[in-house]
Amino acid sequence: MSIVPIIKRDYISKLAEQGKRIDGRRFDEFRKIEIETTVVNKAEGSARVKIGNTQVLAGIKMDVGEPYSDSPESGVLTTAAELIPLASPDFEAGPPREDAIELARVVDRGVRESEVVELDKLCLEPGEKVWIVFIDIHILDYDGNLFDAASLASLAALSTTIVPATRLEVGEDYQLPLKEPPISCTSVKFDNFVVIDPSLDEEEIADARLTVATDKNGDIRAMQKGLNGSFTKEEIQKVIRASLDNGREIKKQLSECTGK
Amino acid sequence: MELDIKLIDDNGKRMDGRSAEELRKIKIEAGVLHRADGSCYLEWGGNKVFAAVYGPREAIPRHTQNPLRAIVSARYNMAAFSVEDRKRPGPDRRSREISKVISEALEKVVLTEQFPRSAIDVNIEVLDAEAGTRCAGLTAAGVALADAGIPMKDIPVACAAGKIAGQIVIDLGKEEDNFGDADLPVAISPRTDEILLLQMDGHLTVEEFNKALDLAIKGCHKASEIQKKAIMDKYQSVKGAE
């Protein structure tokens, strides 16, 4: 670790001992979230999400193509994330690296496993023609917690997606069928403090990270632990509680914004 | 495709209702990204573009360094969802070429000799594309450079002119670009009218070219006013907040 993160770490943990965070939030408090949908006209669906200073844009494109041979009657979903050098002095141009791939895969899993997109309704001719849904995530401004920002942007973009059936000459345009989406909330741990929605400074000194996706019934739908630190059982329970509380609020905001 | 498409109607109006010398609507906002040293968000008709500047910082890899001056490296990138049929992410031949000509245009106005061995990186992201993205991108880059406080002789600005239905018009829209006869993107240094970028495709007579160039330069000056206003607005509000 270089010298700056050590100084920062000292500063952030001293504050944490007094129950404070650098931006004045409580440990279980999210930054302000802004969701704006249909921001890109050329896309089938799009959304820009801001969590504090972090800014992410997700765009949905759809095309007609062949299904996978093991699921001939269901549509295809692919997710890609680009950590473009616009967003941070540390991001470099070029093919996606580990962290961009992890980000895309975590978002992909969240959307896929929760069956938000009803892929079985996206079949045109079994074994021949199905809809392909491309989720492309662009990070515009990086101040921590890309997982939650990217997931939320993808969900908001999907919920405003119109299937371009007219353009591809396979019928009439219609709203992409969606189910209730789970909301993911990420927490990190440094020293013995656990905080939700880490800013970049907090992320940089974190020992462990935990993402929890919860649904409207208060059930857990996905989890992912990251980094080489560990959590105690009590800490995990605390993270789940905070994720449920914040997830409920975020879901409300998402519904208000997308009208669903 | 319908070839009988009428680019100019009987009243001399274009498909989107503009006259021959009218620009599409331009909206510019400076300093929109928190992480970048300077940034800009620009809407030009249906184009939506972000530009972010990082630097001057050490040029890496080191063999790219110039011991006498800074290098300006622009990277023009189109989002996968910015066009009708999804574009594969990452640079292609077209975006590499555009990156190169924009870099060269910007390098002319930046006082690069003040920063030997360093790089000034300009990232241009096209989120929504509708003809004229390179002009929109370069215009956004000019504002982002100013917002980053990079010493420059001038704020570079770009605008295109072209020929549709036998007429010279400014700032081609989507159909005009697809079905028109010629497109001429131009970037200038507005204080001196020096030309920083010039490309043309299509077919123009010498007289038509001269007319188109004059029109493009006129458009650059109009866009330049909007650029300056965006920068003034940002720093005005900083002053007001004190």
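The model is predicted. Chain A and chain B bury about 2,600 Å² between them. Chain A carries an open sheet of 4 strands, and chain B an open sheet of 5 strands. A search of the whole structure gives 48 salt bridges over all chains.

**Interface of chains A and B: extent and make-up**

- Chain A brings 31 residues to the contact, and chain B brings 30 residues.
- The buried area is about 2,600 Å², with 57% of it from carbon and sulfur atoms.
- Three residues stand out on chain A: A:K42, A:L86 and A:P89 supply 26% of the area that chain A buries against chain B, more than any other three residues.

- The rule finds 2 salt bridges across the interface.
- A:D136 and B:R86 meet in a salt bridge through their side chains, at 2.7 Å from N to O.
- Side chains of opposite charge can pair when their charged atoms come close.
- Polar contacts across the interface link 18 residue pairs, both residues being at pLDDT 80 or more.
- On the side of chain A that touches chain B, strands β3 (54-65), β4 (76-82) and β6 (129-141) of chain A each supply at least two residues.
- By class, that side of chain A has 16 nonpolar, 6 polar and 9 charged residues.

**Salt bridges over the whole structure**

- Over all chains, the search finds 48 salt bridges.
- A:D136 lies in strand β6 of chain A, while B:R86 sits in the loop between β4 and α1 of chain B, so this pair joins two chains.

**The 4-stranded sheet of chain A**

- The strand order in chain A is β10-β9-β11-β12, the sheet is open, and the pairing is antiparallel.
- β10 (193-196) and β12 (220-226) of chain A are the edge strands, each pairing on one side only.
- From one strand to the next, the twist averages 20 degrees.
- Strand β9 (residues 183-190) of chain A is joined to strand β11 (residues 208-214) of chain A by 7 bridges, and the two run antiparallel.
- Within this pairing, A:S184 stands opposite A:A213 in β11(A).
- Helix α3 (residues 146-159) of chain A packs on the sheet and touches β9 and β11 of chain A.
- The direction of helix α3 of chain A makes about 175 degrees with that of β9(A).

**The 5-stranded sheet of chain B**

- In chain B, 5 strands form an open sheet in the order β1-β2-β3-β5-β4, with mixed pairing.
- Its edge strands are β1 (26-30) and β4 (71-78) of chain B; each pairs on one side only.
- The twist averages 15 degrees from one strand to the next.
- Strands β3 (residues 47-58) and β5 (residues 118-128) of chain B run antiparallel and are joined by 9 bridges.
- B:F50 has B:E125 as its bridge partner in β5(B).

**Helices on the chain B sheet**

- Helix α1 (residues 93-109) of chain B lies across β4 and β5 of chain B and runs at about 145 degrees to β4(B).
- Helix α2 (residues 133-147) of chain B lies across β1, β2 (38-44), β3, β4 and β5 of chain B.
- Helix α2 of chain B runs at about 150 degrees to β2(B).

**Surroundings of B:I71**

- B:I71 belongs to strand β4 of chain B.
- Leaving out residues up to four places away in sequence, B:I71 touches B:A59, B:T64, B:E107, B:S118, B:A119 and B:I120.
- B:I71 and B:D121 are 50 residues apart in sequence, yet 8.4 Å apart in space, C-alpha to C-alpha.

**Backbone features**

- The peptide bond from B:G55 to B:P56 is cis, with omega near 5 degrees.
- B:P56 is placed in strand β3 of chain B.
- A cis peptide bond also runs from B:I60 to B:P61, with omega near -5 degrees.
- B:P61 lies in the loop between β3 and β4 of chain B.
- A:N145 is not a glycine, but it has a positive phi of about 50 degrees.
- A:N145 is in the loop between β6 and α3 of chain A.

Technical notes: Residues are numbered from 1 along each chain as its sequence is written. Chains are lettered from A and ligands numbered from 1 in the order in which they are written. This is a predicted model: local features need pLDDT of at least 70, side-chain atom pairs count only at pLDDT 80 or more; totals for chains, interfaces and linings use all residues. Side-chain values use heavy atoms; hydrogens and water are left out. Contact means heavy atoms within 4.5 Å. Buried area is the accessible area (1.4 Å probe) that two parts lose on being put together, summed over both. A salt bridge is a side-chain nitrogen of Lys or Arg within 4 Å of a carboxyl oxygen of Asp or Glu. A polar contact is a pair of N or O atoms within 3.5 Å; within protein, one must be able to donate a hydrogen and the other to accept it, and residues adjacent in sequence count only if both atoms are side-chain atoms. Ala, Val, Leu, Ile, Met, Phe, Trp, Tyr, Cys and Pro count as nonpolar, Asp, Glu, Lys and Arg as charged, and the others, Gly among them, as polar. Two strands pair if DSSP finds at least two bridges between them. Axes are lines fitted to C-alpha atoms, for helices over the stretch in contact, and angles run from 0 to 180 degrees between N-to-C directions.
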